[in-house]
Amino acid sequence: MKRIIGARTAAPATGASTAVSTDKPAVRPSVRHVVVDDGSAGQRLDNFLLRELKGVPKTHVYRVIRAGEVRVNKGRAQADTRLEIGDEVRIPPVRVPEKAEAPAAPAREFPIVFEDEHLLVIDKPAGVAVHGGSGVSYGVIEALRRSRPTARFLELVHRLDKETSGLLMIAKKRSALVALQDQLRERETGKTYAALVWGDWPAKLKVIDVPLVKFVGSDGERWVRPGKADEAEAKRSISLVKVVQRTAQFSLLDVTIKTGRTHQIRVHLQQAGHAIVGDPKYGDFDRNRELARGPAKFDRMFLHARRLAFQHPATGETVTCEAPLPAPCRDLLAD
């Protein structure tokens with residue numbers, strides 16, 4: 001077993017912070033022949049093309065596949081064809097529509113908890129999105145790719161909310177991505193979060209088994225609410241809760257999730273009557289505001305992915321990673 005406690009910050013790759021010109025000369029599209037490497041082995045042909053032809057509409061990608069313009073090893077292939085190392089993919093000339101380019105993500109590394117040639121586990125700060133989108137131009141994955149220009153493959157294994165800090169896995173090989181995501185689906189990983197909630201958590205409440213429903217609110221944002229078992233959209237969600245510390249105002253909890261639903265911990269704790277301190281979406285807004293303006297000046301959500309255990313995708317060895325509470329969280333508990 002490997003136990004990695006704490007984190008180190010890796011220096012950006014040599015030359016990673018140097019300004020790089022993004023200007024590209026105008027060229028006519030031409031046929032390309034791409035050889036599949038281990039970073040793309042096992043991927044479906046359609047997903048491979050969508051990555052190679054960024055900016056091209058999905059409908060057009062599927063059209064050229066159906067028309068037989070895309071070939072694998074000189075033969076026609078279907079969208080769901082699985083690629084293997086060494087396959088040669090013929091990509092027809094496709095003109096990518098011109099559009100205003102988003103600002104390039106700045107190169108950035110994050111505290112490293114574990115790293116080898118297969119995967120990377122970092123300690124993500126609160127307030128940083130894991131990827132761009134929904135009004136965010138870039139996140140952790142874009143910044144890492146920018147700081148590691150020679151990396152052939154970097155993909156998020158799972159996600160954390162922007163407001164949540166802690167352990168985040170990034171795959172450096174497609175085989176690692178598939179293996180780790182399979183573990184997550186089969187609930188074979190141990191993910192424990194430190195959550196500080198308002199009030200005195202009931203000692204007897206150790207298991208929360210409440211289904212959750214995702215919906216889009218009138219504000220256009222994605223929300224989650226407790227559901228009923230017979231609701232078609234409701235998904236069973238299970239959280240295990242253990243009290244770690246009690247103070248006059250708060251209860252510090254260890255929450256281990258058995259399912260990985262969107263906003264699961266935040267909604268489970270809130271529906272139990274004890275919202276997470278600082279939660280800007282499901283929290284006690286008045287008390288959060290008082291805490292941010294008061295002597296503690298605590299203005300983040302107190303939810304931290306502190307422990308992660310998984311089977312290494314190559315060796316099968318159990319890897320256990322831990323990330324200590326960030327300083328603002330420690331300081332709040334010490335007050």
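Which side chain meets R152 in a salt bridge? The partner is D37, at 3.5 Å from N to O. A salt bridge here is a side-chain nitrogen of Lys or Arg within 4 Å of a carboxyl oxygen of Asp or Glu. This is a predicted model, where local features need pLDDT of at least 70, side-chain atom pairs count only at pLDDT 80 or more, and totals for chains, interfaces and linings use all residues. Residues are numbered from 1 along each chain as its sequence is written, and side-chain values use heavy atoms, with hydrogens and water left out.

Start with the whole chain. It has 7 helices and 18 strands. Both are DSSP runs, numbered from the N terminus: helices are H or I with at least four residues, strands are E with at least two. Of the 335 residues, 43% count as buried. Buried means under 20% relative accessible area, exposed means over 50%, and partly exposed lies in between (1.4 Å probe, protein chains only). Now take contacts, meaning heavy atoms within 4.5 Å. Among contacts with a separation of 6 or more, 65% are between residues 24 or more positions apart.

Back to the salt bridges. The structure holds 20 of them. The R152 and D37 pair links distant parts of the chain, 115 residues apart. R152 sits in the loop between α3 and β9 (155–156). D37 sits in the loop between β3 (32–35) and α1 (45–52). R152 counts as exposed because its relative accessibility is 59%. D37 has a relative accessible area of 28%, so it is partly exposed.

Another pair is E155 and R145, at 3.2 Å from N to O. E155 belongs to strand β9 and R145 to helix α3, and they are 10 residues apart. R145 counts as partly exposed, at 31% relative accessibility. E231 and R225 also meet in a salt bridge, at 2.8 Å from N to O. R225 is partly exposed, with a relative accessible area of 32%. Salt bridges that share partners also join E109, E115, R148 and K172 into one network.

Next, look for the second largest pocket. Its volume is about 1700 Å³. Of the 44 residues that line this pocket, R159, D161, R222, T262 and H263 are the closest to its centre. α4 (174–185), β11 (190–198), β13 (212–216) and α5 (264–271) each give two or more residues to the lining. How is a pocket found? The search uses a 1 Å grid over the protein atoms alone. A cavity is a set of points where a 1.4 Å probe fits but cannot get out, while a pocket is an open set with protein on both sides within 12 Å along at least five of seven lines. Lining residues have an atom within 4 Å of a point. Points are joined across faces, edges and corners, and the volume is the space filled by probe spheres set on them.

By class, the lining has 13 nonpolar, 15 polar and 16 charged residues. Ala, Val, Leu, Ile, Met, Phe, Trp, Tyr, Cys and Pro count as nonpolar, Asp, Glu, Lys and Arg as charged, and the others, Gly among them, as polar.

Find H263 in the loop between β16 (250–257) and α5. H263 counts as buried because its relative accessibility is 9%. Not counting residues up to four places away in sequence, H263 touches D161, R222, V224, K281 and Y282. Then comes α5, which is mostly covered, with 6 of its 8 residues buried. These are Q264, I265, R266, V267, H268 and L269. G273 follows α5 and has a positive phi, near 95°.

Now find K191, in strand β11. K191 is buried yet has no salt bridge. D161, the nearest side chain of opposite charge, is 10 Å away. For charge, Lys and Arg count as positive and Asp and Glu as negative, while His and the chain ends are not counted. Leaving aside neighbours within four places in sequence, the contacts of K191 are H158, L184, V255, T256, I257, R307 and L308.

Finish at the loop between β4 (71–72) and β5 (75–76), which holds N73. N73 is not a glycine, but its phi is positive, near 55°. K74 lies in the loop between β4 and β5. K74 is not a glycine either, and its phi is positive at about 70°. N73 counts as partly exposed, at 45% relative accessibility. K74 is exposed, with a relative accessible area of 71%.
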